[in-house]
Amino acid sequence: MKQQQLLELYDNYSDNAFRLAMSFLGNTADAEDIVQNVYTKLIEKKPHISKGSEKSYILTMTANMCRNHLKSAANRLNSSYDELGSDDIANGFNIEEQSMLTAISRLPDTYRTTLYLHYYEGYSFKEIAKMLHLSVSAVSMRISRGRDQLKEFLKEE
């Protein structure tokens with residue numbers, strides 16, 4: 001992979017990767033580290049990415065690295081997600097977006113990630129299933145249950 005191609009990938013998809021990492025981790029510093037690791041791996045491995053599937057490839061790498069991070073022993077020793085300040089998640093968003101992000105952050109990871117990929121990134125259930133190594137019906141169920149829980153959280157506010 002040439003340097004120019006890598007720069008284009010970074011310019012086009014680093015924000016998407018960051019938002020996905022935030023949906024997994026809920027922590028700006030960890031999300032930034034994951035994005036950095038994704039692009040470092042691209043530099044090291046120099047994979048061949050099919051034209052038109054660059055975004056999916058990068059988001060799949062991001063999701064996999066987030067899962068690995070959440071499973072790691074070092075992460076379990078750090079503070080829990082509930083102890084993180086809500087300011088960390090809500091930086092850079094207006095009041096309505098902050099309230100939606102707060103509600104979304106209360107969802108379990110499984111629902112939060114699928115909702116993010118579907119509604120914010122525009123992926124179909126089939127594409128999400130492939131990225132997260134799930135069945136299409138599991139993705140559909142998670143999105144449906146996530147929406148139901150999100151409605152309840154928003155009613156409380």
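Colleague: Against which helices do the buried residues of α3 pack?

Modeller: In this predicted model, the buried residues of α3 pack against α1, α2, α7 and α8. The buried residues in question are E54, I58, L59, T60, M61, T62, A63, M65 and C66.

Colleague: What makes I58 a buried residue?

Modeller: I58, which is found in helix α3, has a relative accessible area of 0%. Buried means under 20%, and I58 is therefore called buried.

Colleague: Which residues is I58 in contact with, leaving aside its neighbours within four places in sequence?

Modeller: I58 is in contact with L9, Y13, A17, V38, Y39 and L42. A contact requires heavy atoms within 4.5 Å. As for V35, its C-alpha atom is separated from that of I58 by 9.3 Å, and the two residues are 23 apart along the chain.

Colleague: How do you know that the span of α3 is close to the expected one?

Modeller: The expected span is 1.5 Å times one less than the number of residues. α3 has 18 residues and reaches 26 Å from its first C-alpha to its last, close to the 26 Å expected.

Colleague: What is said of the span of α1?

Modeller: Helix α1, residues 3-25, has 23 residues, and a straight helix would reach 33 Å. The end C-alpha atoms of α1 are only 29 Å apart, which falls short of that value.

Colleague: Which residues of α1 are buried?

Modeller: They are L6, L9, Y13, S14, N16, A17, L20, A21, M22, S23, F24 and L25. After α1 comes G26, whose phi is positive, near 70°.

Colleague: Why is S23 called buried?

Modeller: S23 has its place in helix α1, and its relative accessibility is 8%. The limit for a buried residue is under 20%, so S23 counts as buried. The side chain of S23 reaches the backbone oxygen of L20 at 2.7 Å. Not counting residues up to four places away in sequence, S23 touches R112, T113 and Y116.

Colleague: Why is Y10 called partly exposed?

Modeller: Y10 also has its place in helix α1, with a relative accessible area of 41%. Buried means under 20% and exposed over 50%, with partly exposed in between, so Y10 is partly exposed. The C-alpha atoms of Y10 and V35 are separated by 9.4 Å, and these residues are 25 apart along the chain.

Colleague: What makes Y120 partly exposed?

Modeller: Y120 is found in helix α7, residues 109-120. Its relative accessible area is 48%, and exposed would require over 50%; Y120 is therefore partly exposed. Y120 touches M100, I104 and L115, not counting residues up to four places away in sequence. Y120 and L20 are 100 residues apart in sequence and 9.3 Å apart in space, C-alpha to C-alpha.

Colleague: Why is K46 called exposed?

Modeller: K46 has a relative accessible area of 53%. Exposed means over 50%, so K46 is exposed. K46 lies in the loop between α2 (28-45) and α3 (54-71), and it has a positive phi of about 45° although it is not a glycine.

Colleague: Is H133 buried or exposed?

Modeller: H133 has a relative accessible area of 58%. The cut-off for exposed is over 50%, so H133 is exposed. H133 lies in the loop between α8 (125-132) and α9 (136-156). Its phi is positive, about 60°, although H133 is not a glycine.

Colleague: Which element gives the largest share of the lining of the second largest pocket?

Modeller: The largest share, 5 residues, comes from α1. The pocket is lined by 11 residues, of which Q5, L9, I49, K51 and E54 lie nearest its centre. About 280 Å³ of space lies in this second largest pocket.

Colleague: How many helices and strands does the protein chain have?

Modeller: The secondary structure comes to 9 helices and 0 strands. Buried residues make up 38% of the 157 residues in the chain. Among contacts between residues at least 6 apart in sequence, 68% join residues at least 24 apart.

Note on methods: Residues are numbered from 1 along each chain as its sequence is written. This is a predicted model: local features need pLDDT of at least 70, side-chain atom pairs count only at pLDDT 80 or more; totals for chains, interfaces and linings use all residues. Side-chain values use heavy atoms; hydrogens and water are left out. Helices (H or I, at least four residues) and strands (E, at least two) are DSSP runs, numbered from the N terminus. Buried means under 20% relative accessible area, exposed over 50%, partly exposed in between (1.4 Å probe, protein chains only). A polar contact is a pair of N or O atoms within 3.5 Å; within protein, one must be able to donate a hydrogen and the other to accept it, and residues adjacent in sequence count only if both atoms are side-chain atoms. On a 1 Å grid over the protein atoms alone, a cavity is a set of points where a 1.4 Å probe fits but cannot get out, and a pocket is an open set with protein on both sides within 12 Å along at least five of seven lines; lining residues have an atom within 4 Å of a point. Grid points are joined across faces, edges and corners, and a volume is the space filled by probe spheres set on the points.
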